[in-house]
Protein chains: 2
Amino acid sequence: MILPSLLSAVCLSYSTPFVIPAETVNTLTEQISITREELLQQLVPFAQSLARPLISNYRVGVALLGKSGAIYLGVNLEFPGMPLNQTIHAEQFGVACARQHGETSLIAMAGSAAPCGHCRQFLNEVDDEGTLQIYVANTEGRTLPSLLPAAFGPKNLGLQDKFMIPLSLPSHPASLEERARIAALSSHAPYTLAKSGVALETEDGKVYTGSYLENAAFNPSLSPLHTALIALVADGQSYTSIQRAVLCEQRGAKISHEAVSCELLKQIAPGASFAKTMAIPEGTR
Amino acid sequence: MILPSLLSAVCLSYSTPFVIPAETVNTLTEQISITREELLQQLVPFAQSLARPLISNYRVGVALLGKSGAIYLGVNLEFPGMPLNQTIHAEQFGVACARQHGETSLIAMAGSAAPCGHCRQFLNEVDDEGTLQIYVANTEGRTLPSLLPAAFGPKNLGLQDKFMIPLSLPSHPASLEERARIAALSSHAPYTLAKSGVALETEDGKVYTGSYLENAAFNPSLSPLHTALIALVADGQSYTSIQRAVLCEQRGAKISHEAVSCELLKQIAPGASFAKTMAIPEGTR
C-alpha cells in the first residue's frame, strides 16, 4: 500500500490538487500496481485534508473517477453565518468539479463514508444509468440503485436532459458579465428552466465561473454561486480573494438566487462587490 | 373502499384538516372496516389536494400515523422567487406537524411516491429505531433502513438527542417575542447548538410558532420559519395573512437564519414586518 503522504505530494505537485490527469492516474496505478478503484480509495484521506467544514469540523472527502480516466476530488464546504442548507457536500463538489473539467460520465467514487440521503438524491440526477460504483472504507463497490432503491429522478418526470454536459466556453476576452452569461447557458435546469450563472473575479485577476445545477427533488440543487465556489476552492483560492461577483439570471424566471447568493458572498468575502444581470432572455432553452 | 371525497369531507369537518384525532381515526376504521394503514393510504389523494407547489405544480401528499393514534397530513410547499433549497417536502411537513401536536413517535406513513433521498435523510433523524412503516401506492410497507441502507445519522456522531420531543408551551399571555423564544427552546439543534424559533402573527390575531429542526446531514434541516409556516398552512391560513414575524436566535451561534428568513418572508408576505431578537443566551443547552 502506498503511503497517503506520498499520494498527497503527487497531488500537490499539480497546480490544482483536486484534479489528477488521466496520464498521472495511469502512471501511478502502473508504478504502484494498484487498480484505479484502489487508488481512488487511497486518495480519500488526502481529499479529507482539503475540506473546509467551518461549522462542524467534520471532514468529508471523496475521489471520483471520470470516463476520461482523470480523477476529481471533492470536499465539504460549510458557511458560518448562513443556514445549514447552504452546505456543499463532498459528493456535490466532486461531481461539479468533474463537470467543470469537461467530464461527461462518471465511473466510480470512493468516500470517507457512504453518501447521505441528500447526496444519493444529488447523484441520482447524475448517474442516469445507475452504473456508478461507490466504494466506502474498503468495502465492495455498490451501485446507487442499491443505496437509493425506488428513487425519484428525472425519468419519473419524463425528462431526458443529461446532467454531465460539456460546458460552453467564452471566446476570449470576455467581461465578467459575459462569463456569467456563458456559465448560465451551461445550467442543468430542466425543472424551472431558470438558467443562471455566476462569475467570480479574484484579486490576482483570475475568473471562476459556476452554472446552476438543478435536482428533480429540488433541495439538493446547487446554486451557480455554489458551483463557482467549487471552481475557486478546487484552484486553491481563499474566499476572501474574491473581489467581484456577477450573477446572471433569466428574465421571467420563477426562482431567484439573488438574495441568498448576495448574503452568502457577504459572509465569506465581505469586501467583494455583487452585481446581477438578467442577460438570459425569457424562454431561452 | 371508501370514496376519497367522503374522506375529504370528514377531514374538512375539522378546524384543521391536517390533523385527524385518534378518536376519529378509530371511528372511521371501524365503520369502514379498514386498517389504519389502509386509511393512511386512502388519505393521500386528499393530502395532495392541499399542497402548495407554486413552482412545479407537482402535488405531493403524505399521511402519517402517530403513536397516539392521530393522523397528520403533509404536503409540499414551494416558494417562487427563492432558491429551490427553500422547498418544504410533504414528509418534512407531516413530521413537523406531528411534532407540533405533541406526537413523540411515528408508526407509519403513506405517500403518493417513495420519499426522495433528501426526505429519507430527514426521516432518518426522526425514526431512530428504524421501525417506521412506509407505504407507497398500495405496496407492502417498507422500513427506512431498506430505503436508506448504510445511513448516516445522529448515532454515527454519538448523539442520543431525541427528535420527537414534546414542545414547551407559553404561560399565557406571552408577547410574540416571548413565543419565538419559547419555540426556540424546543429546537432540535444538536449539531450547531444554535437554538432558534419563529413566531408569526396573522391578521386575525392568531400566532403560529416554529422551532428549528436540524439534520445530521445539514442540508435537510428545517429553519424555524419553515416550521412556523407548516403550522400556519396546517391551520388553513394564507401566507399573506402574516402581519408580524419575530425570529429568535442564540447569541454566539455559528449559523443564522436571519437573512434568508427575512427574504423568504418578503417573497410570500410582502406586507409583514420582520424583527429579530437574540433572547437565547450563549451556551443554552
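Q: Which helix of chain A is A:R99 found in?
A: This is a predicted model, where local features need pLDDT of at least 70, side-chain atom pairs count only at pLDDT 80 or more, and totals for chains, interfaces and linings use all residues. Residues are numbered from 1 along each chain as its sequence is written, chains are lettered from A in the order in which they are written, and side-chain values use heavy atoms, leaving out hydrogens and water. Helices here are DSSP runs (H or I, at least four residues), and strands are runs of E with at least two, numbered from the N terminus. A:R99 sits in residues 90-100, which is helix α4 of chain A.

Q: What is the nearest side chain of opposite charge to A:R99, and how far away is it?
A: A:R99 is buried, meaning under 20% relative accessible area with a 1.4 Å probe, protein chains only. Lys and Arg count as positive, Asp and Glu as negative, while His and the chain ends are not counted. A:R99 has none, and the side chain in question is A:D161, 9.3 Å away.

Q: Which residue in β11(B) stands opposite B:L200?
A: β9(B) and β11(B) run antiparallel, joined by six bridges. Opposite B:L200 you'll find B:A245.

How values were computed:
Buried < 20%, exposed > 50% of the residue type's maximum accessible area, 1.4 Å probe, protein only. Salt bridge = Lys/Arg side-chain N within 4 Å of Asp/Glu carboxyl O. Pairing = 2+ DSSP bridges.
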